[in-house]
Amino acid sequence: MSNLLEKASILTTPTAYDNGKILSVKPNTSVGDFDFTRNSTATRVNSEGLIEDVASGLPRIDYTNGVGSLLLEPQSTNLFLNSEILSTQDVSTLNESHTVSFYGTGSITFSGTHTGTLTGTGINNRVTVTFTASSGTLTCTVSGSVKNAQIEKSSFATSYIPTSGSVTTRLTDLCSNSGSSDLINSTEGVLYAEISALADDLTFRVLSLSDGTNNNTVKFGFRSDSNKIYAEVRSGAASQAFLSYDVSDITDFNKVALKYKVNDFSLFINGIERQTDVGGNVPIGLNTLNFNRGDINNKFYGNVKSVAVYKEALTDAELTCLTTI
């Protein structure tokens, strides 16, 4: 495996970052680094399992699952006030999904636009519930210890957003603009990543090699099908290869590699070749690695343990090794 990593022209792991940058392991020059933007503070779970604040413009290496990974999230707003230790309060809701989360041993009982109870399981445990509220007022009655509480208009819980006296918004994490035409081969190569989704929310979340558009791309990610990883190669704005595979859970980490070469495309996931395509051209002008589909759309939101780019089409044996858990 170490020899395979040495072959990579770009290699990024969640080990080094700076203000506005995610630093790549390879190359050892800035051309491999990602530009990073988040115009607000945010929180992460650190290596000791504690929630801590991260300044605006700094990437987050999150340890929620025990191992560090780059956390990329969409914008979200905590509608609870004074969230550190929650008290009973009313929240205005619309007819859409809401997710409530908190730490502690107490409970929140809902009435009004939704009815039910969310009960805590421990001071260090985060519990969540998602529901579709009606339009109106949701009364949240608090009993016992309810800490770091959050209610957001989302179908899943995002990282904790502290509030004090007013609602607070965490802005989007954006990560893009790594690489160059010297580091990315348009004729043949491999795009690899170890990734997990934040939720199975049926939206497109993609990382890609591209010419800065969606016309010439090598990309993979999650899409509007439950627990499906898909890959696509496009050349001259036309799809050349489309590959996909159903995994058991996209919120688990999966190792994914997409090989591209004229009339030779294959998708490897977790040590096995899942699908191939033997007809199609390759893109032209590939010069950038982005956490989106090639342009600004279909931004990747999720957790990232590593990303690598290869300027050659690796063998099946190498791809099996690269993606083996």
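Helices here are DSSP runs of H or I with at least four residues, numbered from the N terminus. All views come from a predicted model.

View 1. E318 sits in helix 2, which covers residues 316-322. With a relative accessibility of 17%, E318 counts as buried, because the cut-off for that class is under 20%. Beyond its neighbours within four places in sequence, E318 is in contact with L4 and K7.

**View 2. The salt bridge between D316 and K259.** The side chains of D316 and K259 form a salt bridge, with an N to O distance of 3.9 Å. This pair links distant parts of the chain, 57 residues apart: D316 belongs to helix 2, and K259 to strand 24 (residues 254-261). D316 is partly exposed, at 40% relative accessible area, whereas K259 is buried at 8%.

**View 3. The salt bridge between K228 and D246.** The side chains of K228 and D246 meet in a salt bridge at 2.9 Å, N to O. K228 lies in strand 22 (residues 228-235) and D246 in strand 23 (residues 238-246), so that distant parts of the chain, 18 residues apart, are linked by the pair. K228 counts as buried, with 18% relative accessibility. D246 is partly exposed, its relative accessible area being 45%.

**View 4. The salt bridge between E96 and K153.** E96 and K153 form a salt bridge in which the closest N and O atoms are 3.9 Å apart. E96 is in the loop between strand 10 (89-93) and strand 11 (97-104), and K153 is in the loop between strand 16 (147-152) and strand 17 (168-170); the pair therefore ties together parts that are 57 residues apart in sequence. E96 is partly exposed at 30% relative accessibility, and K153 is partly exposed with a relative accessible area of 44%.

**View 5. A network of salt bridges.** Side chains of opposite charge can pair when their charged atoms come close. In this view, R38, R60, E73, R170 and D173 are linked in a network of salt bridges. The structure as a whole holds 17 salt bridges.

**View 6. The cysteines C175 and C321.** C175 counts as buried, at 5% relative accessibility. C321 is partly exposed, with 36% relative accessible area. A disulfide is a covalent bond between the sulfur atoms of two cysteines. The structure holds 0 disulfides.

Conventions: Residues are numbered from 1 along each chain as its sequence is written. This is a predicted model: local features need pLDDT of at least 70, side-chain atom pairs count only at pLDDT 80 or more; totals for chains, interfaces and linings use all residues. Side-chain values use heavy atoms; hydrogens and water are left out. A disulfide is a pair of cysteine sulfur atoms within 2.5 Å. Buried means under 20% relative accessible area, exposed over 50%, partly exposed in between (1.4 Å probe, protein chains only). Helices (H or I, at least four residues) and strands (E, at least two) are DSSP runs, numbered from the N terminus. Contact means heavy atoms within 4.5 Å. A salt bridge is a side-chain nitrogen of Lys or Arg within 4 Å of a carboxyl oxygen of Asp or Glu.
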